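Keep the sequence and the 3D view open while reading.

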Amino acid sequence: MAASPNFISNSADVVIIGGGLAGLAAALDLRGRGHQVLVVERKQYPFHRVCGEYVSHEVSPYLGRLGADLAPLGPATLTKFQLSSPAGRLLGSPLDLGGFGVSRYRLDDFLYKLALTRGVKFRLPATVADVTFDAAANRHTLTLADGHQLTARLVLGTYGKRSALDRQLGRSFFTQRSPYLGVKHHLRLPGFARDVIALHNFRDGYAGISAIEDDKLCFCYLTTRDNLKRSGGTIASLEAEVLAQNPHLADILRHAERLYAQPEVINEISFAPKQPVEQHLLLLGDAAGLITPLCGNGMAMALHGAALAAPLADQFLRGQLARPALEAAYAEAWHRTFGARLRVGRAVQRLFGGPVLSELVVGGLRHWPAAVRTLMRQTHGVPF
Ligand SMILES: Cc1cc2nc3c(=O)[nH]c(=O)nc-3n(C[C@H](O)[C@H](O)[C@H](O)COP(=O)(O)OP(=O)(O)OC[C@H]3O[C@@H](n4cnc5c(N)ncnc54)[C@H](O)[C@@H]3O)c2cc1C
């Protein structure tokens, strides 16, 4: 009998808040270990997200263990890297580990459907508005925006970079405004090399472009609200007046066919440090910490977070690990695995965007290919 996406029971071993990559991978992993898993996702699949859609190959062994063969999605294989300064100085380098390109629209929907066939339950579209922990009962109660309540022995927070839940958890980054803005288009541009991921800098921002499935490209950039305002306040004026100062971007913007009527846009993207455990919630993916997109490693980190949390959660649910030990072990594993990568990501981001510094960095790195590969290794992990 086909699984019903809308779950009627009000309790589960594990409730996962947010069905992005971290949530879907954790759901598949914990279900594979025999647990009852309920994912609450506020949107209906499939849907687009602002994301560069380049996935580091470090995730491949884990996807294999989850039984998620992505070949039917037709991902592009990415083996080369290019970096340009705002004035268009270009350097190239092989991508040591490499990666693949696939749209989130297709990838998340694929993992959602796979999870349904494995018996993961979903409640969607539904938003978690509040989570409380009852120490005496050793259980969480979740309240949905429609007033419905759910209970769980364990809750994983995989709700992404920013949610009203962060305010409820009293997380400090929530009250600090972030200047960043992210924009994504899907493009068609015949002749663009399908094995290259290119990162093109422009004043106060950078754009990544690489192939995804079919004959499409993902074109995604990060900049600031101020940059948007200064260039006339619209995405079209920003692209024409600022991005197009870089000749590589001018070429892309002039010749590419845009596949959506409007690009996807998000703001309030904060790279501030966060904690991986808050009020007995284990946080995974962007909810635990967002790496700057120029590193192209956020999706791998979301999947890796699930790979770290699931075996520990499994021991907890089987009564082999008490809650304080679970939380301490997960926090330790999380900091050991991602702490340095997040710090390097923040430092590298500061090198780009300013016209003089970007020119100097790209100009210097052109003569020092080993440094480019070292930087990439520092912002990526190893296969897990
Ligand atoms: C501009 C930009 C470009 C990027 N490019 C790349 C790239 O090329 N490669 C890469 O690896 N990474 C990239 N990243 C990072 C990557 O997108 C994220 O790290 C990754 O999506 C994190 O996955 P996640 O599962 O933690 O969160 P998400 O994928 O954001 O999923 C969170 C989910 O939670 C749901 N949700 C939120 N609140 C609630 C709630 N209260 N109740 C129920 N559901 C809720 C949301 O609807 C969403 O589906 C980029 C990021 C940005 C900003």
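## The ligand and its surroundings

A backbone N or O atom of G298 is 3.2 Å away from an oxygen atom of the ligand, a polar contact (a pair of N or O atoms within 3.5 Å; within protein, one must be able to donate a hydrogen and the other to accept it, and residues adjacent in sequence count only if both atoms are side-chain atoms). The protein covers 96% of the 1000 Å² of accessible area that the ligand has on its own, by the Shrake-Rupley method with a 1.4 Å probe. The model is predicted: local features need pLDDT of at least 70 and side-chain atom pairs pLDDT 80 or more, while totals for chains, interfaces and linings use all residues. Residues are numbered from 1 along each chain as its sequence is written, and side-chain values use heavy atoms, without hydrogens and water.

For E53, a backbone N or O atom lies 3.3 Å from an oxygen atom of the ligand. For R49, an N or O atom in the side chain is 3.0 Å from a ligand oxygen atom.

## The shell by residue

Around the ligand there are 33 residues, each with a heavy atom within 4 Å of it. E41, G52, Y54, R104 and D286 come nearest. Helix α8 gives the most to this shell, 3 residues; helices are DSSP runs of H or I with at least four residues, strands are runs of E with at least two, and both are numbered from the N terminus.

## The nonpolar cores

A nonpolar core is a set of buried Ala, Val, Leu, Ile, Met, Phe, Trp, Tyr and Cys residues joined through side-chain atoms within 4.5 Å. Buried means under 20% relative accessible area, exposed over 50%, and partly exposed in between (1.4 Å probe, protein chains only). The largest core has 105 residues, and L284 is among those with the most contacts inside it. Its largest share, 14 residues, comes from α8. A second, separate core of 24 residues includes F192 and L253.

Most residues other than glycine have a negative phi, and most peptide bonds are trans. The bond from Y45 to P46 is cis, with omega near -10 degrees, and P46 sits in the loop between β2 and β3. D214 has a positive phi of about 55 degrees although it is not a glycine. D214 is partly exposed, at 44% relative accessible area.
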